[in-house]
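Please open the structure in a viewer and keep the sequence panel beside it.

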Amino acid sequence: MRRLLAFSAILLLTACSTSVDKPYFRTAGVYKPSNAACTANPQSFAQAEPIADFSEGNGCGISNGYKITAMGDVSFSQPATVTCSVANTFNDWLQSSVQPRAQNIYGERVVALKIAASYSCRPRNNVRGAKLSEHGLGNAIDVAGFTLASGREVTVLTDYYGNSSNRSFLRAVRGDACGPFHTVLGPGSDQYHNDHIHLDLQRERSGGPYCH
Ligand SMILES: [Zn+2]
């Protein structure tokens with residue numbers, strides 16, 4: 001009996017060490033981000049600082065990256081570290097979707113954005129063992145909310161299913177992002193995206209953009 005207990009203890013220990021050894025993320029099938037959308041130097045439309053190319057040696061890193069603190073007159077709640085392509089696509093989305101939609105729906109401009117995440121060396125959805133997130137390549141940005149000129153706040157968490165103006169605005173800007181951004185996720189996509197809109201430039205799938 002004692003021997004059996006000792007054997008069980010060893011099995012338990014083995015099981016624990018196996019889960020600890022599981023890699024933090026998988027990098028198979030992860031492509032280097034494209035520079036295709038890097039059509040303008042972000043310094044021409046944003047408060048942006050170029051950052052030197054770096055690699056963390058585990059699949060994470062950024063080439064042609066910028067640290068952005070504001071875009072035009074729209075300030076960021078925290079600096080966003082993203083590729084030049086993401087910066088350009090994000091700026092296009094702000095100018096051609098977010099601002100006109102805000103004018104139409106609220107009669108005022110967006111002056112600040114709540115940025116939930118940008119560069120981050122981690123698995124998708126922070127789930128250990130999942131594929132490396134596009135955030136680990138600076139190829140993604142998460143937006144949690146918008147501040148209008150009057151000070152009114154529109155947040156994904158509280159307003160996505162809120163009053164009709166907020167619902168229309170958040171659904172419209174999310175919909176417009178699909179296409180220019182290749183992956184767009186938000187409330188309803190899964191349990192991980194209830195409080196932000198995730199935008200990334202993952203290489204387009206054969207079936208077109210992925211917007212759930
Ligand atoms: Zn994200």
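**The largest pocket**

The lining of the largest pocket comprises 3 nonpolar, 11 polar and 7 charged residues. In this classification Ala, Val, Leu, Ile, Met, Phe, Trp, Tyr, Cys and Pro are nonpolar, Asp, Glu, Lys and Arg are charged, and the others, Gly among them, are polar. The model is predicted: local features need pLDDT of at least 70 and side-chain atom pairs count only at pLDDT 80 or more, while totals for chains, interfaces and linings use all residues. Residues are numbered from 1 along each chain as its sequence is written, and side-chain values use heavy atoms, with hydrogens and water left out.

Select Arg124, Asn125, Leu185, His193 and His198, which lie nearest the centre of the pocket among its 21 lining residues. Strand 9 (183-185) and strand 10 (197-200) are the elements that give two or more residues to this lining. Strands (E, at least two residues) and helices (H or I, at least four) are DSSP runs numbered from the N terminus. The pocket holds about 360 Å³ of space. A pocket here is an open set of points on a 1 Å grid over the protein atoms alone, where a 1.4 Å probe fits, with protein on both sides within 12 Å along at least five of seven lines; lining residues have an atom within 4 Å of a point. The volume is the space filled by probe spheres set on the points, which are joined across faces, edges and corners.

Remain at Asn125, in the loop between strand 6 and strand 7. Its phi is near 55°, a positive value in a residue other than glycine. Asn125 is partly exposed, at 29% relative accessibility (buried is under 20% relative accessible area, exposed over 50%, partly exposed in between, with a 1.4 Å probe and protein chains only). Now select Asn126, in the loop between strand 6 and strand 7; Asn126 also is not a glycine, yet has a positive phi of about 60°.

**Aromatic rings**

Next, display the aromatic side chains, which form 8 pairs in the structure. Phe54 and Tyr119 have ring centres 5.3 Å apart and planes at 80°, so their pair is edge-to-face. Rings of Phe, Tyr and Trp (its six-membered ring) pair if their centres lie within 6.5 Å; planes under 30 degrees apart are stacked, over 60 edge-to-face and the rest tilted. This pair joins distant parts of the chain, 65 residues apart: Phe54 is in strand 2 (residues 54-55), and Tyr119 is in the loop between strand 6 (110-117) and strand 7 (140-148). Then select Phe76, Phe90, Trp93, Tyr106, Phe146 and Phe169, which form one aromatic cluster.

**Two last stops**

Select Ser96 in helix 2 (residues 84-106). Ser96 is exposed, with a relative accessible area of 56%. Finally, go to Cys38 in the loop between helix 1 (2-21) and strand 1 (46-51); Cys38 is partly exposed at 27% relative accessibility.
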